[in-house]
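Here's a friendly walk through a protein model, one piece at a time. Have a look at the structure first, then read on.

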Amino acid sequence: MSENLRLEILNKLNAEGSIGNTSAIFKDVSVESIIGALKSLEIQEKVEYKTLSTEVWSLEAEGQDQLDNGSYEAQIFDAVPAGDQGISIDELKAKFGNKANLGQGKGFKNKWIKKAGNNIVRLVSEIVDQTRADLEVVKNTGTHPNKDVLKDLKRRSLVKSAKLLSYAVSKGQKFSTELTKQSTDLTAEMLQNGQWKSAEFKKFNFDSLGVNPEGGNLHPVMKVREEFRQIFLQMGFEEMATNDFVETAFWNFDTLYVPQQHPARDLQDTFFIKDPAQSKELPGFWQSVKAVHEEGGYGSIGYRYPWSEAEARKLVLRTHTTSVSSHVLNKLGQEPYRPAKYFSIDRVYRNETTDRTHLAEFHQIEGVIVDKNMSLGSLIDFLDQFFRKMGLEKLRFKPAYNPYTEPSMEIFAWHEDFGKWIEIGNSGMFRPEMLRPLGLEEGVQVAGFGLSLERPTMIMYEITDIRNLVGHGVDLGFVKSGPACRLNKGITRESAHAARKPEAA
């Protein structure tokens with residue numbers, strides 16, 4: 001096959017002078033076979049060739065479905081009868097399932113339909129199903145004249161792209177239609193019989209690259225982790241040691257003023273160690289923690305329940321890195337007062353059902369600031385500076401509840417590409433019921449904030465299922481080829497799309 005293909009290429013060149021595009025002539029021959037034959041002929045200087053790359057678009061299964069049956073938004077519009085009554089949202093969901101929400105959203109955006117109470121009613125009498133028309137263009141031509149349309153269809157998982165390689169071929173300096181067998185080695189036999197004098201030797205390609213050795217690669221999560229580390233270090237934070245993955249419930253919950261009846265301490269939320277099930281002892285200040293839980297103090301009346309030492313000694317996989325912060329704050333409380341800033345980034349564990357947005361094991365980013373005369377305004381000002389370094393400049397804060405911070409705030413950022421506010425973290429001022437038993441003197445305040453590491457990584461690398469980022473479902477090819485991220489350029493879909501290009505190639 002290889003020799004026949006080379007002869008066919010030479011004969012075609014001899015007859016026509018050049019080959020404009022190999023894909024038009026050798027339609028049933030694989031690209032691998034074509035390039036193999038061309039390289040062999042190029043070495044003999046019989047041909048010269050250039051690589052042609054064409055992006056070809058095709059329909060995903062969902063795109064084919066909408067081409068056959070109409071776009072989801074058009075199907076929803078057709079299902080809504082004319083008039084003021086329309087159709088109930090429940091009827092649409094029963095008829096179309098998950099398609100209902102997708103179709104309604106696009107229909108609202110196109111101003112075809114609107115919500116009237118629990119019903120959907122028409123705003124126009126007729127529509128043009130542009131999505132279906134665009135899909136038909138892609139189906140027939142392999143592309144679309146409007147690049148923005150292709151981008152939108154790809155975002156909706158209706159189309160996909162692939163690169164089609166072909167070659168333009170011309171005659172080389174030693175062109176002929178005869179194949180010559182070239183020798184690759186000078187042998188002792190050739191030297192003895194003189195055959196070397198007439199033999200044609202294959203040229204050595206000293207510019208060719210050797211085989212790349214297999215080596216380790218940083219996982220995308222670790223690349224984003226390093227970006228966050230650099231932001232913290234640039235802002236003067238010290239990194240906390242995070243190597244204690246197993247904690248007592250005392251450090252994980254009780255020192256944080258989380259009551260022993262709190263739902264987070266149940267089996268369905270926390271992994272408890274079976275053997276050994278409990279620690280041998282608690283730190284010396286446990287009586288102070290017990291007292292603030294039972295009786296209160298520092299302006300609080302406490303939780304008014306019988307605190308259990310046995311419950312506090314239970315061993316758990318840490319559910320947050322705030323337990324790490326608690327250790328460090330306790331150590332800081334034994335020293336003369338000094339302002340301090342600490343951060344940690346490491347794994348935590350929750351007994352959660354695994355799905356596309358949740359894992360039982362993930363990373364938490366946490367920062368704490370220790371100082372006097374701080375206020376909630378001080379924390380907001382810092383968060384504004386911190387998230388600006390990530391490219392997020394518009395922030396909002398929503399009041400929230402945490403057992404160990406008061407006041408507490410959820411942090412939201414405006415995402416330009418998503419066109420909406422997204423929750424990016426949690427924050428607050430640590431309560432005195434937590435700080436004073438740890439040994440921090442009166443007047444010392446601590447502000448804390450945290451966010452997950454996986455969420456910004458998923459946005460950066462345009463990953464919609466966290467199980468494709470962490471776990472056995474990870475594409476190792478993506479791990480090897482994925483570029484480094486740059487948080488200061490902003491968490492955008494453009495940067496995410498660029499990050500996914502190596503995988504697509």
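Let's start inside. Helices (H or I, at least four residues) and strands (E, at least two) are DSSP runs, numbered from the N terminus.

Zoom in on F382: leaving out residues up to four places away in sequence, F382 touches M235, F237, I369 and F449. Contact here means heavy atoms within 4.5 Å.

Residues are numbered from 1 along each chain as its sequence is written, and side-chain values use heavy atoms, with hydrogens and water left out.

The protein's mean pLDDT (the predictor's confidence in each residue, from 0 to 100) is 87, and 95% of its residues reach 70 or more. Over residues 490-505, though, the pLDDT is below 50, and this stretch has 39 contacts in the model beyond near neighbours in sequence. Where pLDDT is low, the predicted coordinates should not be read in detail.

Helix 4 (residues 61-69) packs against helix 8 (residues 130-141) at an angle of about 115°, with the axes 9 Å apart. Axes are lines fitted to C-alpha atoms, for helices over the stretch in contact, and angles run from 0 to 180 degrees between N-to-C directions.

On the helix 4 side you'll find G63, Q64, Q66, L67, D68 and N69, which meet T131, R132, L135, E136 and K139 in helix 8.

## One inside, one outside

Is T22 buried or exposed? T22, which lies in helix 2 (residues 22-25), is buried, with a relative accessible area of 5%. Buried means under 20% relative accessible area, exposed over 50%, and partly exposed in between (1.4 Å probe, protein chains only). Setting aside neighbours within four places in sequence, T22 is in contact with I34, S166, Y167 and V169.

K274 sits in the loop between helix 12 (249-252) and helix 13 (286-294), and K274 is exposed, with a relative accessible area of 80%.
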